[in-house]
Amino acid sequence: MEAVGFVELLAAPSAKRRWSDEAKGRIVSETLVVGVTVNEVARRHGVKANHVSIGLAPF
């Protein structure tokens, strides 16, 4: 059998991230800027958009 390509495995974070209330507030406040999307902010901080849009939930 001939190899066709390769597979890259990415490991998930080993521990849950803990964000301070101050950091969460800064991240959420960035979404309130006109023209900025939740997706942009989430990508910038390496979190999922639903975690940011929930508010707000403990991420």
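Residues are numbered from 1 along each chain as its sequence is written, and side-chain values use heavy atoms, with hydrogens and water left out. Because the model is predicted, local features need pLDDT of at least 70 and side-chain atom pairs count only at pLDDT 80 or more, whereas totals for chains, interfaces and linings use all residues.

The protein chain contains three helices and zero strands, where helices (H or I, at least four residues) and strands (E, at least two) are DSSP runs numbered from the N terminus. Buried residues account for 17% of the 59 residues; buried means under 20% relative accessible area, exposed over 50%, and partly exposed in between (1.4 Å probe, protein chains only).

In helix H1, the buried residues are Ala-23, Lys-24 and Ile-27. Seen down the helix axis, these residues fall within an arc of 100 degrees, so they line one face of H1; the arc is that of the directions from the helix axis to the C-beta atoms. The exposed residues Asp-21 and Glu-22 are carried by the face of H1 turned away from the buried side.

The structure holds three salt bridges, each defined as a side-chain nitrogen of Lys or Arg within 4 Å of a carboxyl oxygen of Asp or Glu. Side chains of opposite charge can pair when their charged atoms come close. Asp-21 forms a salt bridge with Lys-24, with the closest N and O atoms 3.7 Å apart. Asp-21 is exposed, at a relative accessible area of 65%, whereas Lys-24 is buried, at 17%. Arg-26 forms a salt bridge with Glu-22, with the closest N and O atoms 2.9 Å apart. Arg-26 and Glu-22 are separated by about one helical turn because they are four residues apart in helix H1. In the salt bridge between Glu-30 and Arg-44, the closest N and O atoms are 3.3 Å apart. Glu-30 lies in helix H1 and Arg-44 in helix H2, so this pair ties together parts that are 14 residues apart in sequence.

Thr-31 lies in the loop between helix H1 (21–30) and helix H2 (38–45). Thr-31 counts as buried because its relative accessibility is 19%. A polar atom of the Thr-31 side chain lies 2.5 Å from the backbone oxygen of Val-28. With residues up to four places away in sequence not counted, Thr-31 touches Val-36, Val-38, Val-41 and Val-52, a contact being heavy atoms within 4.5 Å.

Key. A polar contact is a pair of N or O atoms within 3.5 Å; within protein, one must be able to donate a hydrogen and the other to accept it, and residues adjacent in sequence count only if both atoms are side-chain atoms.
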